[in-house]
Amino acid sequence: MERNMRIIPYEVIAHAEQVTETPTGVEMIQAPQVWDTTKGAGIIVAILDTGCDTDHPDLQGRITKGRNFTDDDQSNPDIYEDYNGHGTHVAGTIAAIQNNTGVVGVAPEVNLLIGKVLNKDGSGQIDWIIQGIEYAIEQKVDIISMSLGGPDDVPELHEAIQKAVNSNILVICAAGNEGDNDSNTDEYGYPGYYNEVISVGAINLNRQSSEFSNSNNEVDLVAPGENILSTYLDGKYATLSGTSMATPHVSGAMALIKVTANQSFERELTEPELYAQLIKRTIPLGDSPRLEGNGMVYLTAQEELAKLFKPQTIARLLNI
């Protein structure tokens, strides 16, 4: 059995020195329409990845803690810098703060906890990932975002994820990039295939399923994952594609949902209840559920329904 995992393979489309825009993916899932209510303040998202460019201007003030579990920097636990770019790109999609220039993330006021579990080559031992999950649990994060995977079901990793979910942490994972654009065939990647995680597939900016996105009966939903602009190494920007890029859209969206749902119910919702709130904020795209799960995350889905239907009809449509 393989005892290592890697970043979900991704494609670098372009690099940029400087940009000033709201990425299309952030707009597609309707994040800006929620920002008058919340930008995710008070929520902690743990990113278990290749580390982060902690000096990136678009991430200043967002990173509150971090730890290195890899062999980079002589395994110094206090140095969790990103030498690959993958983790920094994920971080920007979740939490970048646009000032006069740069990009903005889905939830630009969340706090990020960086667990560096993959090294500069994008590879990590299972033990590093498990230690990262345990660290996130100890730090009482709200959400764990993992854009990594491998071909094997590793019981110890599964148990760590179950422990996180039982601690009321939402675990959001990339479905994987082994897809063949045929919903009748199955492609499995772990931890994305575990039932306990929220498994995220990818679509392009035209809402079409990405050819590389895994299909199986554990895909929960999809998000933009092609030509995604975000933060990158050395304070720069890059456009990447992969289910790795779709996952942080959902992680950021879940941060916004947790704030608004807890406010609405006037209590702390459980992990299953929050998952239900996420699924209520999806729209079907017409693909097989094995490709798109419940559809694309769309944060204003309930508000859009309210414009079209009576409350009783909405309740029936949402099965509430």
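In the predicted model, strand 11 (residues 219-224) is mostly covered, with 6 of its 6 residues buried; buried denotes under 20% relative accessible area, exposed over 50%, and partly exposed the range in between (1.4 Å probe, protein chains only). Helices (H or I, at least four residues) and strands (E, at least two) are DSSP runs numbered from the N terminus. Strand 10 (residues 198-203) runs parallel to strand 11 and is joined to strand 11 by 5 bridges, where pairing requires that DSSP find at least two bridges between two strands. Within this pairing, Ser-199 stands opposite Val-219.

Residues are numbered from 1 along each chain as its sequence is written. Because the model is predicted, local features need pLDDT of at least 70 and side-chain atom pairs count only at pLDDT 80 or more, whereas totals for chains, interfaces and linings use all residues; side-chain values use heavy atoms, without hydrogens and water.

The largest nonpolar core comprises 44 residues, and Val-45, Val-110, Leu-112 and Val-250 have the most contacts inside it. Such a core is a set of buried Ala, Val, Leu, Ile, Met, Phe, Trp, Tyr and Cys residues joined through side-chain atoms within 4.5 Å. Among the elements that each supply at least two residues of this core are strand 3 (44-49), strand 10 and strand 11, while helix 5 (243-265) provides the largest share, 9 residues. Val-250 touches residues including Ile-198, Val-200, Leu-221 and Ala-223, residues up to four places away in sequence not being counted; contact means heavy atoms within 4.5 Å. A second, separate core of 32 residues includes Ile-126, Ile-133, Val-154 and Cys-173.

Aromatic pairs number 4. Rings of Phe, Tyr and Trp (its six-membered ring) pair if their centres lie within 6.5 Å; planes under 30 degrees apart count as stacked, over 60 as edge-to-face and the rest as tilted. The rings of Tyr-188 and Tyr-193 are edge-to-face, because their planes stand at 65 degrees, with the centres 4.6 Å apart. Tyr-190 and Tyr-193 also form an edge-to-face pair, at 5.9 Å centre to centre and 90 degrees between the planes. Tyr-188 is partly exposed at 39% relative accessibility, whereas Tyr-190 is buried at 13%. Ring pairs link Tyr-188, Tyr-190, Tyr-193 and Tyr-194 into a cluster.
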